[in-house]
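Here are some notes to go with the structure you are about to open. Have a look around it and then read on.

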Amino acid sequence: EVQFVESGGGLVQAGGSLRLSCAASGFTIDDSAIGWFRQAPGKEREGVSCISTSDGSTNYADSVKGRFTISSDNAKNTVYLQMNSLEPEDTAVYYCAVSVSCSGSPFGAWGQGTQVTVSS
């Protein structure tokens, strides 16, 4: 069974940093696209970042460019999201999921999410 477990969330002050982890099981992340998404209360889920583990190419939402960095450790079957200069608007539950491509294909196997709360 394909599963993700997200971790690393917490409460941080504005300007602080967190590193989220997305540990995959039931498949290897090699040659796949792993995306980070987030959903704030009362808002729709939005894409944050995605990485193609085959070539390391990445993309980011405009709202996080320059502040967040996605990376993968294929040996650990884990994808990370380093979040710096956090803002209260980054408060949300963060999820990861898998697809065949970072664009144009649906994502699936959603994890349970990890809560990120940024205080002002």
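**Notes on the fold**

1. Let's start inside. The largest nonpolar core has 25 residues, and those with the most contacts inside it are Ile-34, Trp-36, Phe-68, Val-79, Leu-81, Met-83 and Tyr-94. A nonpolar core here is a set of buried Ala, Val, Leu, Ile, Met, Phe, Trp, Tyr and Cys residues joined through side-chain atoms within 4.5 Å. Buried means under 20% relative accessible area, with a 1.4 Å probe and protein chains only.

2. Which elements give two or more residues to this core? They are strand 3, strand 4 (33-39), strand 5 (46-52), strand 7, strand 8, strand 9 (92-99) and strand 10 (114-119). A second, separate core of six residues includes Ala-33, Ala-97, Cys-102 and Phe-107.

3. Before going further: this is a predicted model, where local features need pLDDT of at least 70, side-chain atom pairs count only at pLDDT 80 or more, and totals for chains, interfaces and linings use all residues. Residues are numbered from 1 along each chain as its sequence is written, and side-chain values use heavy atoms, with hydrogens and water left out.

4. Tyr-94 is worth a click. Leaving aside neighbours within four places in sequence, Tyr-94 is in contact (heavy atoms within 4.5 Å) with residues including Glu-6, Leu-20, Trp-36, Phe-68, Leu-81, Met-83 and Val-116.

5. On secondary structure, the protein has zero helices and ten strands. These are DSSP runs numbered from the N terminus, with at least four residues (H or I) for a helix and at least two (E) for a strand.

6. Four strands form an open sheet in the order 1-3-8-7, with antiparallel pairing; two strands pair if DSSP finds at least two bridges between them. Strand 1 (3-7) and strand 7 (68-73) stand at the edges with a single partner strand each, so one side of each has no neighbour in the sheet.

7. Zoom in on strand 3 (residues 18-25) and strand 8 (residues 78-83), which pair in the antiparallel sense over six bridges. Ser-21 stands opposite Tyr-80 in strand 8.

8. Now the whole chain. The C-alpha trace spans about 40 × 25 × 25 Å along its principal axes, and 42% of the 120 residues count as buried. Among contacts between residues at least 6 apart in sequence, 54% join residues at least 24 apart.

Notes:
Buried means under 20% relative accessible area, exposed over 50%, partly exposed in between (1.4 Å probe, protein chains only).
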